[in-house]
Amino acid sequence: MTTTPELLRADQVSAWNDTADVIVIGYGIAGACAALEARRAGADVLVIERASGGGGASALSAGIFYLGGGTAVQKAVGYDDSAEEMFRFLMASTSAPDARIVRRFCDDAADHFDWLETQGVPFERTYYKDKAVIAPTSECLASTGNEKVWPYYQIATPVPRGHKVAKVGDGGGALAMNALIARCAEEGVRVQTDSEVKALVRDDAGRIMGVKVRQTSGPVHLRARRAVILAAGGFGMNKELMRRYAPQLPEAAEALGIPHNDGAALMLGLSAGAATQAMSGTIATSSFYPPGQLIKGIVVNTRGERFVAEDSYHGRTAEHIAEQPGAAAYLIVDSEIFAYPEIQKRLIDGWDSIAEMETGLRLPQGALQRTMADYNKAAAQGSDPLWNKHPDWVKPLDKPPFAAFDLSYTSSDYRYLTLGGLRTTADSEVLDGTGRVIPGFYAAGACVSSIPQDGKGYASGLSLGPGSYYGRVAGRNAARATLNN
């Protein structure tokens, strides 16, 4: 059973085994960026990592950073972006509750890209124009969110903001982490691996000022002269916590990440009285594209009804599917756009008519025929008045035979990340249940609820982008925090 650990008082610690200005818990993207910035601000930094080396779940990722506002890559490939346009889009699409967090990220996004490159994270000056979950090439810039989805393209000028590390296909996160860890070593960041933080330590004034750590040689107590930064991942691997906080997620979905994404960071935060937000938020995906031509099909539920614009980001579509009866859905295509999804989906069958398909899928009589007739009538005029699918992806589906792919959670490989976590300020300070800052306590990365609150508002790169940026913010502020007595 997952329980909240004890919050130790300083007088419960008889002796400190080591002391640093700043202690960072976790050595993924947020922790590495926090450690590096704190060290460069003059702090003695000690990183505590449960695994035998750094990287965390970040090292297993594709290495996509959501950044904009006129990055060097955007400019090089001919896209004009601004911090204001990025801010307007993210505020409209993500349901972010704190505009100050979004504003700061957008204002500094272009400079943050430059900083990542300066640390040795490699990016090309190239653009991947096709629709994919992860570009199969080493090309950098890609559309990885809902910028061109209604109503967002009417709110902010749609431009691509996904910046993928220069690696063919998947795995760019490891290159990013290798570069950042190398920089930390060069700068003199101290690291203790195979070490699990079991409790936070608070002084009489309510300030977080140390940690209790389990190591192979036994428990040790480590004192933080200035602050503790929590950056130790999400809770997706903890089935108990998932049932508690996100019971709406279908059981068939599987967590992405590493075994240590078990909610330990969340529990440490709760022990200090931290507030949480968006705890039911997840981003699940099992995209039916690429190839992009399949976006010209329609997605229907077991009532034969459309319920989402098919050109939505795959996480947005996945969340809408989870809300349908039985978390079931079908992709309907005609012979002109037929192709097998690259992320395998079960081909149910093919039929010579929509009426036969309707019967084959056991849909209510006449439902799919009405849906298809309405869609095709509008599509012939290049429009989609029901869900406003972008005209780039609208065409009549009138070339038999027709086929259906099963997109249901029970028959597709849906993988998810958690988006809920601790509530923080734009300075990466952890807030308590009354909205007050917990002194000496900062957090960033997947243990924090940052900008996206659910899968409908997510974009690829909104984990590494804000995680790395707000890790830096935490590091700088922690290094300047008031000295503990």
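Analyst: E240 is partly exposed, at a relative accessible area of 22%; here buried means under 20%, exposed over 50%, and partly exposed in between, with a 1.4 Å probe and protein chains only. This is a predicted model, in which local features need pLDDT of at least 70 and side-chain atom pairs count only at pLDDT 80 or more, while totals for chains, interfaces and linings use all residues. Residues are numbered from 1 along each chain as its sequence is written, and side-chain values use heavy atoms, with hydrogens and water left out.

The partner of E240 is R244, and the closest N and O atoms of this salt bridge are 3.1 Å apart. A salt bridge is a side-chain nitrogen of Lys or Arg within 4 Å of a carboxyl oxygen of Asp or Glu. R244 is partly exposed as well, at 41% relative accessibility. Both residues belong to helix α7 (residues 239–245), and because they are four residues apart there, about one helical turn separates them. Helices (H or I, at least four residues) and strands (E, at least two) are DSSP runs, numbered from the N terminus.

Other salt bridges share partners: D18, D21, D44, R190 and R225 are joined in this way into one network. The structure holds 33 salt bridges.

One of them connects E196 with R50, with 3.8 Å between the closest N and O atoms. E196 is in strand β8, whereas R50 is in the loop between β3 (45–48) and β4 (64–66), so this pair ties together parts that are 146 residues apart in sequence. E196 is buried, with a relative accessible area of 15%, while R50 counts as partly exposed at 24%.

Another salt bridge brings together the side chains of E84 and R103, at 3.1 Å from N to O. Here helix α3 (residues 83–94) supplies E84 and helix α4 (residues 99–118) supplies R103, so the parts tied together are 19 residues apart in sequence. Their relative accessible areas are 35% for E84 and 28% for R103.

In the loop between α3 and α4 lies S95. S95 is not a glycine, yet its phi is positive, at about 60°. S428 also has a positive phi without being a glycine, near 65°. S428 sits in the loop between β19 (421–422) and β20 (429–431) and is buried, with a relative accessible area of 1%. Most residues other than glycine have a negative phi, and most peptide bonds are trans.

The bond from W150 to P151 is cis, with omega near 5°, and P151 lies in the loop between β5 (141–142) and α5 (152–155). P400 and P401 are joined by a cis bond too, with omega about 0°; P401 lies in the loop between α11 (367–379) and β17 (402–406).

Back to charges, R207 is a contrast to the pairs above. R207 is buried and has no salt bridge, and D203, its nearest side chain of opposite charge, is 5.5 Å away; Lys and Arg count as positive, Asp and Glu as negative, and His and the chain ends are not counted. R207 is placed in the loop between β8 (196–202) and β9 (208–215). A polar atom of its side chain lies 3.2 Å from the backbone oxygen of R226. Leaving out residues up to four places away in sequence, R207 touches V201, R202, R226, P439, G440, A481, T482 and N484, where contact means heavy atoms within 4.5 Å.

S286 is also buried, at 8% relative accessible area, and lies in the loop between β13 (282–285) and β14 (298–300). Its side chain makes a polar contact of 2.8 Å with the side chain of K345; this term covers a pair of N or O atoms within 3.5 Å, where within protein one must be able to donate a hydrogen and the other to accept it, and residues adjacent in sequence count only if both atoms are side-chain atoms. The backbone oxygen of D413 is 3.4 Å from a polar atom of the S286 side chain. Beyond its neighbours within four places in sequence, S286 is in contact with I343, K345, S412, D413 and Y414.
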